[in-house]
Each structure stands twice: as C-alpha cells, then as structure tokens.
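Student: I have a protein model open and would like to learn how to read its side-chain contacts. Could we go through some of them together?

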Amino acid sequence: MQRAVISDRIIPLLLFLDSLACILFALFAHALGFDPTPDMGFSRIVLFYLGVLLIFIAAFLYKLEPRSIQTEANKTVFLLGHIWSVIIVIYLFFVTAGTFTSWKNSTRYYSLLANAFAKGQLYVDVKPGAALLAADDPYNSEGRPAFDDDVWDLSLYKEKLYLYWGPVPALMLMPFQQALNTNFSDMYLVFFLLCGLLVVNSLILLHLWKHFFADIPMRYVVASIFVVGLILPILWSLSIPDVYEAAIGAGQFFLMGGIYFVLLAFEKDIPKKFLFLAGLFWACSVGSRAINVLPILFLIALTLFWMWKNQSKEWMQLSASLLTPLVMGAILIGWYNWARFDSPLEFGLRYQITIYNLNRDLPLAFQLDYLPYNIAAYLLQPFEFVSGFPFIQPVGFSKLLESLGLTTPKLYAAGHVTGILFFAPFLLFAVLPFTKRYGERPLTLVLYLLGGSFLISFISLLLYYYGQMRFLVDVISQASLLAIIGYWTLIRKSGRPFLHLANLLIVITLITSLLLAVTSESGRMSKINPALIDRLNSFFIQ
C-alpha cells in the first residue's frame, strides 16, 4: 500500500490564499458590513499590508522550497489549521446570526449554575415565586399560576430551583466567569464545545487515515473533515445556541474524546495515561448529559474486553487506569444528585417546570409507541421548499401529524425536523464498513466503538417522547465517521462511477445542511438579522 503524500506546494498556496483574504477583507470590510466607516482605519491598513507581506512570503517559499516546510507533519498541521479556520468562520456566522459580532439571544442557565457553584451552593439564584410554591401541583401546567420566565425548564424541589442538565459545562464556565467578572450566555459553551468536537473528530479521522487508509489522497480527507464539521445537527445547534445544545454538545465532545484516547491507547502498548483520559472524558460526558451513560457503559465493556484479549497479563492494571476516573465520576454525580434531590439517581427531570407534568408522567418518557413516529421524523421526513432564501426549511412534525389527522400516543411531540435520508444522504455509506472484512484488528475495534455507541444512542432517541433535531448531535459523529470509513473503502476498491456518486452525496449533504441550519428550529437568524436575509434574497432572486 503506497502512502499518499501532500503536495510540497500546499503551504505557499495556503499562504497566498491567506494574503488574498487579508487584502480583500481590508478593502471591502465596509461593503461587507463589518466596518461601519467607509474609510480604511488603522486596523484595515495593517491588515492590507499583512496581506502584501504574505504574498512575498508565499512567493519566497514557493521558489526556494525549504525542506523545513516539506515534512508531512508540517504540511498536515498547516492544512488542518486552515480547514478548521474555514469551518470555525462558518460556526461564527451561525452562532452570531450572520453578524460575527453580536453574541446575544441565548439562554443563561449554565451561567446561573456557575455562579451558584462559585458561592458554594447547588441551587441557582432564581426565586420560584410565592404563587408557584403555593400551587397544589406546581408541575401540572393546567391551572398552574403564572411564573417568571427565568423559572422555565428549571427543576423545583423543596422550594429551590436546580438545573437538570449535567453540571460539567458549568464547572468549565465557572473559572472564566470568576476571572473575568462577567456572565457568559450558553451560546459561548455551544460554540467552543462544538469547536472542540470538530477537533476531536478531525483527529480521529487523521488517526484512521494514518493507520488504515494511508493510500487515500489528502483531498478526500479534506472533504471528510468538512463533512464531520458542517453536517446539519452541528450547524443547527449553532443556529439556536441555548442550554439544551450546550449540554448535548458537551456530552458528545467528551464521548468522542474518550473514543479518541482509546484509539491512541491501542495504537502501541496501551499506555495507561490514555486509558485514564478516556475514562475521565466518559465520566464528563455523563456529567454533561445523563443519557450518555447507556452508550458509555457499552464503550467501557468493549474496551475492557478488548484489553483482556490483547493484554491479558496486565488487564487488572490497565482496567484500573480506565475505571478509576469513571468510579470517581459516578460517586461525584451520585453525591450531586443526592445533595439536591435526595436520590443518587435523580437528575431532576421529574421536577422540571415545563409543559408536561413529568413528576407524574416520567414513566411515559420512553415508550415503544413513539418508535414509528421518531423513525419517520429522524429518517424519512423530507424538507419543504419555500420561495425565498434559504429555499428549503424543516417541517414542523407535530403540526404535520395534526394536519393529517393522526393522534400521537401519550406524551409524544416533535419540533421542526428533516430526516437523515434527506439532509445527509451521504450517511448511507455508514452501512458499508460492516459489509466488508478488514484485516486490521484495531480497525474492527473502531467499527465496534462507533457502531455500538451509535446504535444504543439512536435507539434511545427513537424511544423518547420528544423529537428534536438537536438530539441527533448525540449520534452524528459516529454516523459520519462510519460513513467516511465506507467512503474511503469505496475510493480504494470501487470504480469512478461510484466515487462520483459518493462525492455528489457529500455536496448535497453539505449544501442541504447549510440551508436548513439557516431556519433551524425557530428562525433565529431571520429574527435577529433580517437585513442579511433580505440581502441574500436580493442576491439569489433578481
């Protein structure tokens, strides 16, 4: 198998593109809406001359071809940094509703919890109100007295309000809030956690490319990184960056980070430090999103089994490295729940102040009756076309069912959705790796880790009473990575017609994801930045 190499011209080429970006931005910042003044100020002049300087540097490197920039490691790092930069700029576009500067219109739940932790308390400083406390059943929305908006979705127990979302994001936020003496909305967590997920998934891809698909040309690796970074539920979450998306994003970041450290552990002689980090990340995943305990129990069992098969003599010591942070995490989470709700297994969902009376109906949260509706919503529901930009938008699934005269069972409801077959047809390739036989045993472990955790999490979503696109973040990394393994297998073993089809599906997936994220669940971008939507309509519709 011949290893693919990156062109020695890649660094000068990327520097030249950087120079063009600097010069064009300096010249047209006002026209693009980034600078309110038409005249070039000091910062734009500096940016312009930086672009000119980069042109000379690029020309110098292109002419002399110094060996220091021709190593595969340097070229890979430089290329990867530029790919991440492009994707992160797109993240900034969506999280700021196209303004790039306005970090507003988001919830502040984790900021409240971070402030509570800083004070040494577990409840947030929000008052439930005397009327709500005096209600016969404060969890029943029928006949419940009005309450302040800040109380919504918090968990009421013994006259105090708590968060049912995992505490780990608040622990991450707390030192920054204390050091900077400011409060950060949940959108900051959403942005940085999904940037972290991009980095972790990219590193997993590079690991797979280096060890199992080294003959695949780099251009296909680049396309794959764009897929894992820009596929719909990621951009959707950035487009409506609230506490729900922060908790889900944290859970997925730590879950995939744990998988990455397991891959590093099995790369050589199973270093204990990587197993410890895997256990730590998986503990933080559960501490961010409790339902992740299901796939993580599977991941733990599989990792322990694989170690027993490969390192049976040191199995006890290696297992201790993996399990120590997990046991400590379980103890801390159990104490956190007991200190708040008098039960180590109670996260507070049943005490939530919301539409549903989950204090009464929590046993109905997961039911087989919801399965066909969620299959239709998450897999089969097409988007609908609209006359103006973005030309397609997700469908309100509960409203659709109501218009068809269908009565949903028990608690079931769903928001605006588009099925995977319509927003990400590229993910069909996720099945392909399981139809092939791979000689490399570590690659088999990768397939089991990704496939098993995907299947468990996806089944959980299909049985849940509430269908939401944001929940697909729980499974999108595993599905995307499996599809990319299938794509790379196709590149290696199939003819050009199949490769052209796969590339077409990537383009469709990326375009559909970008367009649907503009509307997402609430149309946040059009509400915050209607002028941008008007300009885009003027550009596309003459």
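Tutor: Gladly! Let us start with a definition: a salt bridge is a side-chain nitrogen of Lys or Arg within 4 Å of a carboxyl oxygen of Asp or Glu. Keep in mind that this is a predicted model.

Student: How many salt bridges does the count come to by this rule?
Tutor: The rule asks for a nitrogen and a carboxyl oxygen within 4 Å. Asp 125 and Lys 119 meet it, with their closest N and O atoms 2.6 Å apart. By this rule, the count comes to nine salt bridges.

Student: Arg 350 forms a salt bridge with Glu 346. Is Glu 346 buried or exposed?
Tutor: The closest N and O atoms of this pair are 3.2 Å apart. Arg 350 has a relative accessible area of 24%, so Arg 350 is partly exposed. Buried means under 20%. Glu 346 has 12% relative accessibility, so Glu 346 counts as buried.

Student: Now for the rings! Is the pair of Tyr 139 and Tyr 351 stacked, edge-to-face or tilted?
Tutor: A search of the whole structure finds 44 aromatic pairs. For this one, the ring centres are 6.0 Å apart. Planes under 30 degrees apart count as stacked and over 60 as edge-to-face. The planes of Tyr 139 and Tyr 351 are at 50°, so the pair is tilted.

Student: Where in the chain does Tyr 351 lie?
Tutor: Tyr 139 lies in the loop between α5 and β1, so with Tyr 351 it ties together parts that are 212 residues apart in sequence. Tyr 139 has 10% relative accessibility and therefore counts as buried. Tyr 351, at 14%, also counts as buried. The place of Tyr 351 is the loop between α13 and α14.

Student: In which helix is Phe 341, the partner of Tyr 162?
Tutor: Tyr 162 and Phe 341 form an edge-to-face pair, 5.2 Å from centre to centre and with 70° between the planes. Tyr 162 and Phe 341 are both buried. Tyr 162 is in strand β2, 179 residues apart from Phe 341, which is in helix α13.

Student: Which residue lies over the face of Trp 306?
Tutor: For a charge to sit over a ring, NZ of Lys or CZ of Arg has to be within 6 Å of the ring centre. One case is Lys 160, which lies over the face of Tyr 123 at 5.2 Å from the ring centre. Over the face of Trp 306, at 4.9 Å from the ring centre, lies Lys 309.

How values were computed: Residues numbered from 1 in each chain as written. Predicted model: local features only at pLDDT ≥ 70, side-chain atom pairs only at ≥ 80, totals over all residues. Heavy atoms only, no water. Phe/Tyr/Trp six-rings, centres within 6.5 Å; stacked < 30°, edge-to-face > 60°. Helix = DSSP H or I, 4+ residues; strand = E, 2+ residues; numbered from the N terminus. Buried < 20%, exposed > 50% of the residue type's maximum accessible area, 1.4 Å probe, protein only. Lys NZ or Arg CZ within 6 Å of the ring centre and 35° of its normal.
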